[in-house]
Amino acid sequence: VLENAVTSDPGFEAARVFQGDRIRLRAVEPSDLDEVMRWINNPEVTQFLAVGRMPVSRAEEERWLAERPANERRLTIETLDGAYVGAAGLHEIDLVDRSAEVGIVIANERNWGKGYGRESLALLADLAFQTLNLHRLYLRVYAYNERAIRVYEKAGFVREGVDRQAHFHGGTWHDVIRMGLLASEWRGANLP
Ligand SMILES: CC(C)(COP(=O)(O)OP(=O)(O)OC[C@H]1O[C@@H](n2cnc3c(N)ncnc32)[C@H](O)[C@@H]1OP(=O)(O)O)[C@@H](O)C(=O)NCCC(=O)NCCS
């Protein structure tokens, strides 16, 4: 059930928890593997990610899929008619600090800049704050990933710091920007 959650409070925007206007977040299925193998070995995509710096085998990816770490929520982004769009996840979920690290990938470069990232991030933040009751989301983004930074800033993420020359790519060093979003800052909602 994708559009579950609490419907008694209209301010809760329950219908948006897992499904938006054009996409939904759902569990990762073994049938996603072919799609994942394509982006995880595509340097155009992985230049922006911490994964996929070395070629990733199908067997490695199958093992990754089979894992279900308690401190991670891995999801597939798909269109409302079921076409694979990408991956989203909450990592390092900490139940004391109630925080998690955000990850998002729109798998096909041709789908970048169409608003899927913005919508995925909104659904992920709803899920994190309204369903999992987290307090803070954070991420690290490479300074040259201007598209991603734009999406995060538009969602309300604040630049919290810079790890100088923390990332080596393309034969040179790049800064890594740290960003964070508090539940109280998300959609101005009445959250804990
Ligand atoms: C980053 C990513 C998730 C964003 O998703 P997306 O669907 O492409 O982004 P959206 O279409 O929702 O929004 C893109 C925004 O960036 C802007 N943008 C596009 N290209 C840009 C560029 N080169 N520089 C700055 N801004 C740019 C767009 O105008 C848009 O802003 P707007 O809504 O104000 O017009 C996606 O591009 C992606 O998967 N990239 C590769 C993996 C990655 O970088 N993941 C994040 C790692 S931290």
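Contact means heavy atoms within 4.5 Å. Helices (H or I, at least four residues) are DSSP runs, numbered from the N terminus. The model is predicted: local features need pLDDT of at least 70, side-chain atom pairs count only at pLDDT 80 or more, and totals for chains, interfaces and linings use all residues. Residues are numbered from 1 along each chain as its sequence is written, and side-chain values use heavy atoms, with hydrogens and water left out.

**View 1. Helices H4 and H5 pack at an angle of about 45°.**
H4 spans residues 116–131, and H5 spans residues 146–155. Their axes (lines fitted to C-alpha atoms over the stretch in contact, with angles from 0 to 180 degrees between N-to-C directions) are 10 Å apart. H4 and H5 are therefore oblique to each other. Angles under 35 degrees count as roughly parallel, over 145 as roughly antiparallel, 65 to 115 as roughly perpendicular and the rest as oblique. The crossing of H4 and H5 is right-handed, meaning that the near helix is turned clockwise from the far one by less than a right angle. From H4, Gly-117, Arg-118 and Leu-121 meet Val-151, Tyr-152 and Ala-155 of H5. This contact of H4 with H5 has 4 nonpolar, 1 polar and 1 charged residues. Ala, Val, Leu, Ile, Met, Phe, Trp, Tyr, Cys and Pro count as nonpolar, Asp, Glu, Lys and Arg as charged, and the others, Gly among them, as polar.

**View 2. The ligand is surrounded by 22 residues.**
Near means that a heavy atom of the residue lies within 4 Å. The closest are Ile-106, Gly-115, Gly-117, Asn-145 and Arg-150. A ligand oxygen is 2.6 Å from a polar backbone atom of Ile-106. For a polar backbone atom of Gly-113, the distance to a ligand oxygen is 2.8 Å. In the side chain of Arg-150, an N or O atom is 2.6 Å from a ligand oxygen.

**View 3. Helices H1 and H3 cross at roughly 120°.**
The axes of H1 (residues 33–40) and H3 (residues 58–66) come within 11 Å. H1 and H3 are therefore oblique to each other. Leu-33, Asp-34, Val-36, Met-37 and Ile-40 in H1 meet Arg-58, Glu-61, Glu-62 and Leu-65 in H3. The contact of H1 with H3 divides into 5 nonpolar, no polar and 4 charged residues.

**View 4. Gly-52 sits in the loop between H2 (43–46) and H3.**
Beyond its neighbours within four places in sequence, Gly-52 is in contact with Ile-40 and Thr-46.

Technical notes: Helix = DSSP H or I, 4+ residues; strand = E, 2+ residues; numbered from the N terminus. Polar contact = N/O pair within 3.5 Å; in protein donor to acceptor, adjacent residues only side chain to side chain.
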